[in-house]
Amino acid sequence: MSDRVAVVGVGAVPPRPLSVDRSYRELGFESATRAYGDAGVTHQDIESFISVCEDFHEGTSITDEYTPDQLGAVLRPVHTIAGDGLQGVAAAVMLIRTGIADLVAVEAHCKTSNILTHEQVLAMALDPTYERALRVTPHFVAGMEMRRYLHETGSPEDAVAMVVVKNRRHALGNPVAAYGGILSPDDVLASATVCEPLRELEISPNSDGAVVLVLASEEAARRTPKPVWIRGVGWASGSPWLAGRSWGQASYAGVAAEMAYRMAGITQPDREIRFAEIDDTYAYKELQHLEAAQLAPRADVTRMVMEGDTRRDGRLPVNPSGGSLGMGYCFDATALYRTAEAVRQIRGEAGRAQVAQATTGLVVSWRGIPTQSGGALVLSAD
Amino acid sequence: MARTRAKPAIARAQAPPYVPLRGHPLNEEEFRGQVGSTAWAPRLEYAWDAGVAISRFLDGLRQGKIYGVRCRRCGRTVTPPRAFCELDFKPMDEWVELLDTGTINTFSICYVTWDMKPLRVPQIPAVIEIDGTSPRVGFLHLVGGVRGRTVTEIRRQVRAGLPVRAVWKPPAKREGAITDILYFEPVRKRTKK
C-alpha cells in the first residue's frame with residue numbers, strides 16, 4: 001500500500017470582513033459542497049471528518065459538535081483539532097496513512113465579525129496569573145516580536161512595509177481577495193501606529209470565511225481529477241512563556257519546516273521550493289517565516305524582499321494569492337486558505353495570480369498571538 | 001498442587017487514634033485570602049449571524065407563525081428550519097407554514113435553574129414534535145399552563161405523547177426570538193369534528 005496522500009478537493013468562500021447574510025453553518029455548507037464537487041466525490045464517500053475550531057472564537061462550548069450537519073457528517077466519524085489548520089491537515093494525513101480512511105475532509109471557518117470583544121478573547125490566551133494582569137493589548141506581543149526582529153537583523157522598517165505593498169498588490173490578481181490595492185511603502189509607514197513599531201496596515205484585517213479540503217490516499221486520489229500531493233507535513237510548538245521565547249525568530253516554524261522537509265526528502269529548500277504561501281498575519285511574520293523555512297538566509301531576506309524576488313514574477317514568489325494581508329486574516333481557517341491557494345497554484349488554476357512553474361510549494365502557518373505554534377506543508381504536482 | 005501462602009508485604013500499621021478535625025469549611029472570602037489565586041472577569045460578547053434559514057424562522061415567530069422546511073429527497077419536513085438537509089447534504093426545497101400545535105416527545109421537570117439555584121416552581125423543558133413535521137423532528141421549548149408544582153401533580157398532566165399548543169406573547173411584545181412563544185400548554189379538550 002502506498003503511503004502517499006494528496007489534496008484532491010478544495011472549497012472555500014471568499015473571505016470578507018462581514019458575512020451578515022449567512023450563518024457559519026451556511027458558509028461551511030457552501031465550502032464543503034464546493035470541495036466535494038471539486039474532488040468529484042459525495043459526502044457519503046468521505047470516511048472521516050476533521051473540524052479545526054476554537055470555542056472562544058465561536059462563542060459556543062464544544063463547538064465541534066456543531067460541525068457534522070454542514071459537512072454531511074451526521075453519524076459519521078468526526079473529531080476536532082483545536083489548534084492550527086495544518087495540525088488538522090496533519091491529522092488527516094495520519095488517518096489516511098494508518099489506513100483508517102481513504103478520503104478525509106478537513107474543515108475550518110471563522111466568524112470574526114461576530115466577536116464583539118475580540119481583544120478580550122485574545123487576552124484570555126495570555127497567562128492569567130502573570131501576563132494578563134498587566135492589562136496591555138495583546139497586540140503588544142507582535143510589536144515586541146517585530147522590534148526584536150528588526151533589532152537582530154538590522155532590517156529597515158521599509159522591508160516590512162514592502163511585504164504589505166507586495167501582498168496587497170498580489171491580491172489585485174486574485175478575484176476572491178478583498179484587500180487588493182496599490183500602496184507605496186510610505187503609505188504603509190504613514191498608517192497609524194498600533195504597538196510601535198507595528199502599524200495598522202501591517203496587521204492583516206480580520207475576516208469571515210470557511211474552507212474545506214478533501215485529502216485522499218494514493219489509490220483514492222488516482223480516481224479524482226486534480227490531485228496535488230502532500231510530500232511532507234510538520235508542526236511544532238515553543239514554550240508559552242513570553243519572557244523566555246526567541247523573539248527575533250520563528251523557532252516553531254523552523255522545526256515544523258524541518259520536519260516537513262525531512263518527510264519530503266527536501267535537502268535544499270531554497271532551490272526545490274518554487275513558491276510559498278506563508279503566514280503573514282503581521283507583515284514582519286512573512287520575513288521571519290521565510291528565514292525559518294530556510295528559503296533565504298537571515299542576511300538575505302531583506303534584500304530579497306526589497307529587490308522584488310518574492311513578487312509573483314520574482315525568483316521565489318511568496319503569497320502570490322495576496323496572503324492574509326491581501327485576502328484577510330481568518331483565524332483558525334487561515335492555514336487552510338493558504339493551503340487552498342497553494343493547491344490552485346500547483347494545479348495551474350490561479351488565473352492572473354498564477355506563478356510560472358509552480359510545481360512545488362510550501363505552506364507555513366502560525367496559530368497567532370500569543371502562540372509559538374505553527375505548521376509546514378510541502379505540496380507538489382507529482 | 002503445592003501452594004505457598006502469601007505473606008503480607010508489610011505489617012499492617014495500627015490505625016491512628018481518632019482526633020476530631022478542628023475548624024470549619026473555608027468560605028469564599030477565606031479561600032481567596034489563603035490560597036494564591038488571581039481573578040479575571042472576562043467580558044466576552046458575541047452577535048451571531050443567524051443566517052438565511054433561522055432569520056426567516058425568527059421573522060415568522062414575530063408574526064405568530066412557525067415555519068419549517070421540506071427536503072424532497074428524504075421527504076422530511078423539519079423545524080427549526082435549516083438551509084440544507086443534514087442527511088442528504090443538499091439545499092432544502094421549500095418553506096412550509098406549520099401549525100402551532102404539536103406533541104411532547106420527551107420532557108423533564110427541573111427543580112434547579114440553569115445555574116443550579118433551587119426552584120420551587122419547576123421548569124418543564126420539552127421536545128415538541130410540531131404538527132406537520134416528520135416524526136422525531138423536535139422543537140425545544142418549555143411546557144407551561146400546568147397546575148401544581150410537585151412531580152406527582154405535574155406527571156398527572158404532562159406525559160410523552162401529550163398534545164400541546166403554543167402560547168404566544170402579545171404581538172406588540174414579540175421580538176423575533178424563540179421566546180416569542182412563552183410556552184406550550186396541554187390541549188385539554190380537543191374539539192370533536
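1. A salt bridge here means a side-chain nitrogen of Lys or Arg within 4 Å of a carboxyl oxygen of Asp or Glu. Helices (H or I, at least four residues) and strands (E, at least two) are DSSP runs, numbered from the N terminus. Asp3(A) is partly exposed at 42% relative accessibility, and Arg97(A) is partly exposed too, with 36%. For those words, buried is under 20% relative accessible area, exposed is over 50%, and partly exposed is in between (1.4 Å probe, protein chains only).

2. A word on what you are looking at. This is a predicted model, where local features need pLDDT of at least 70, side-chain atom pairs count only at pLDDT 80 or more, and totals for chains, interfaces and linings use all residues. Residues are numbered from 1 along each chain as its sequence is written, chains are lettered from A and ligands numbered from 1 in the order in which they are written, and side-chain values use heavy atoms, with hydrogens and water left out.

3. How many salt bridges are there over all chains? The count comes to 33. In general, side chains of opposite charge can pair when their charged atoms come close. One case to look at is Glu145(A) with Arg245(A), whose closest N and O atoms are 3.8 Å apart. Glu145(A) belongs to helix α6 (residues 140–153) of chain A, while Arg245(A) is in the loop between β8 (228–237) and α10 (251–264) of chain A, 100 residues apart. Buried or exposed, then, for Glu145(A)? Glu145(A) is buried, at 2% relative accessibility, and Arg245(A) is buried as well, at 9%.

4. Still on charges, Asp21(A), Arg22(A), Glu30(A) and Arg34(A) form a linked network of salt bridges. Over in chain B, Glu94(B) and Arg70(B) pair up at 3.6 Å, N to O. Glu94(B) is in strand β5 (residues 94–98) of chain B and Arg70(B) in strand β1 (residues 66–70) of chain B, so this pair ties together parts 24 residues apart in sequence. Glu94(B) is partly exposed at 26%, and Arg70(B) is partly exposed at 30%.

5. Now the helix packing. α10(A) packs on helix α12 (residues 283–292) of chain A at about 40 degrees, with the axes 8 Å apart. That angle makes α10(A) oblique to α12(A). Axes are lines fitted to C-alpha atoms, for helices over the stretch in contact, and angles run from 0 to 180 degrees between N-to-C directions. Under 35 degrees counts as roughly parallel, over 145 as roughly antiparallel, 65 to 115 as roughly perpendicular and the rest as oblique. The contact (heavy atoms within 4.5 Å) involves Tyr252(A), Ala253(A), Gly254(A) and Ala257(A) of α10(A), facing Lys285(A), His289(A) and Ala292(A) of α12(A).

6. α12(A) also packs against α6(A), at about 55 degrees and with axes 10 Å apart. Again that makes α6(A) oblique to α12(A). From α6(A) the contact uses Ala142(A), Glu145(A), Met146(A) and Tyr149(A); from α12(A) it uses Tyr284(A), Lys285(A), Leu287(A), Gln288(A) and Glu291(A).

7. Most residues other than glycine have a negative phi, and most peptide bonds are trans. Glu196(A) and Pro197(A) are joined by a cis peptide bond, omega about 10 degrees, and Pro197(A) sits in the loop between β5 (193–195) and β6 (198–199) of chain A. Ile369(A) to Pro370(A) is cis, with omega near 0 degrees; Pro370(A) is in the loop between β10 and β11 of chain A. Gly368(A) lies in the loop between β10 (360–366) and β11 (373–380) of chain A and is buried, at 2%.

8. Positive phi turns up in Ile62(A), near 35 degrees, and in Met116(B), about 65 degrees. Ile62(A) is exposed at 56%, and Met116(B) is exposed at 60%.
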